Amino acid sequence: MGVTSGADLRAMETCGRIVRKALDEMMGFIAPGVTTLQIERVGREVIDAEGASPSFLGYNGYPAAVCVSLNDEVVHGIPSPARTVRSGDLVSIDIGAYKDGFHGDAADTVAVGLVTPEARMLLETVYEARGRGIKAARAGSRIGDIGAAIQEYVESQGFSVVRALVGHGIGRKLHEPPQVPNFGRSGKGMKLGEGLAMAIEPMICLGGFGVRTLADRWTVVTEDGALSAHAEHTIVVSGSSPMILTA
Ligand code: MF3
Ligand code: CO
């Protein structure tokens with residue numbers, strides 16, 4: 001559980017900046033007709049050019065540098081030359097960068113062309129939920145405060161929060177304690193100390209929150225086939241507002 005300050009914090013800030021740049025370049029590239037593998041290439045090139053390495057490649061055997069998940073795919077979609085993005089799709093891109101001993105991790109979901117009003121609402125809700133979760137991550141607050149803030153907001157908008165996957169501490173390892181659920185009760189769980197680095201990453205659904213993993217052993221999809229969206233930032237807890245390293 002990393003307490004991040006000084007040179008460690010500066011290294012994590014660098015990782016966060018690289019992750020942001022890669023996400024921005026991938027988002028600028030996404031358009032009808034591009035493949036998910038081409039999207040991954042764009043992100044991977046940024047990481048390479050910055051002298052960093054992709055956090056996900058080889059992690060538990062994951063075969064790519066980026067996760068690209070479309071529509072009912074929640075997370076961990078494997079980039080493929082056979083998968084083409086079309087107008088009306090929701091595309092979630094998730095990327096991690098490792099440099100000078102530390103990781104950064106973030107995700108965004110974007111609408112391609114014209115999407116349904118429900119899809120548009122789902123997107124707005126996942127970003128607002130991430131923002132509310134981050135705001136709740138103050139020194140002296142508890143892990144449950146983050147999940148409660150996210151869950152209350154998402155459910156008030158009529159959507160559901162995935163239970164099977166959670167956010168996480170981050171630092172010298174991509175995944176460190178504590179686990180950071182996107183649901184829960186305020187006042188419960190571990191107390192947050194200044195310098196704690198975490199990835200806060202709500203995954204929300206238009207339908208039910210049940211998920212399953214495809215035969216490729218990675219891609220997580222909604223059980224009911226309804227749309228899903230994901231947004232993630234790496235943050236560091238401070239006395240006041242958290243620092244957002246991937247903003
Ligand atoms: N950003 C995701 C996470 O925090 C993806 C990592 S899974 C990997 O868990 F295997 F692709 F690395
Ligand atoms: Co993460």
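These legends describe close-up views of a predicted model. Local features need pLDDT of at least 70, side-chain atom pairs count only at pLDDT 80 or more, and totals for chains, interfaces and linings use all residues. Residues are numbered from 1 along each chain as its sequence is written.

**View 1. Helix H1 packs against helix H2.** H1 covers residues 6-29 and H2 covers residues 36-49; helices are DSSP runs (H or I, at least four residues) numbered from the N terminus. Their axes come within 8 Å and cross at roughly 150°. Axes are lines fitted to C-alpha atoms over the stretch in contact, with angles from 0 to 180 degrees between N-to-C directions. H1 is therefore roughly antiparallel to H2 (an angle over 145 degrees).

**View 2. Residues of H1 meet residues of H2.** Contact means heavy atoms within 4.5 Å. From H1 come Ile 18, Lys 21, Ala 22, Glu 25, Met 26 and Phe 29. From H2 come Gln 38, Ile 39, Val 42, Gly 43, Val 46 and Ile 47.

**View 3. Strand S2 is largely enclosed by the rest of the structure, because five of its five residues are buried.** S2 spans residues 66-70; strands are DSSP runs (E, at least two residues). Buried means under 20% relative accessible area (1.4 Å probe, protein chains only). Val 66, Val 68 and Leu 70 lie on one side, Cys 67 and Ser 69 on the other.

**View 4. S2 runs antiparallel to strand S4.** Five bridges join S2 to S4, residues 90-99. Cys 67 stands opposite Asp 94 in S4.

**View 5. Strand S9 is joined to strand S14.** Four bridges link residues 197-200 with residues 233-236, and the strands run antiparallel. Ala 197 has Val 236 as its bridge partner.

Notes: Chains lettered and ligands numbered in written order. Heavy atoms only, no water. Parallel < 35°, antiparallel > 145°, perpendicular 65-115°, else oblique. Pairing = 2+ DSSP bridges. Buried < 20%, exposed > 50% of the residue type's maximum accessible area, 1.4 Å probe, protein only.
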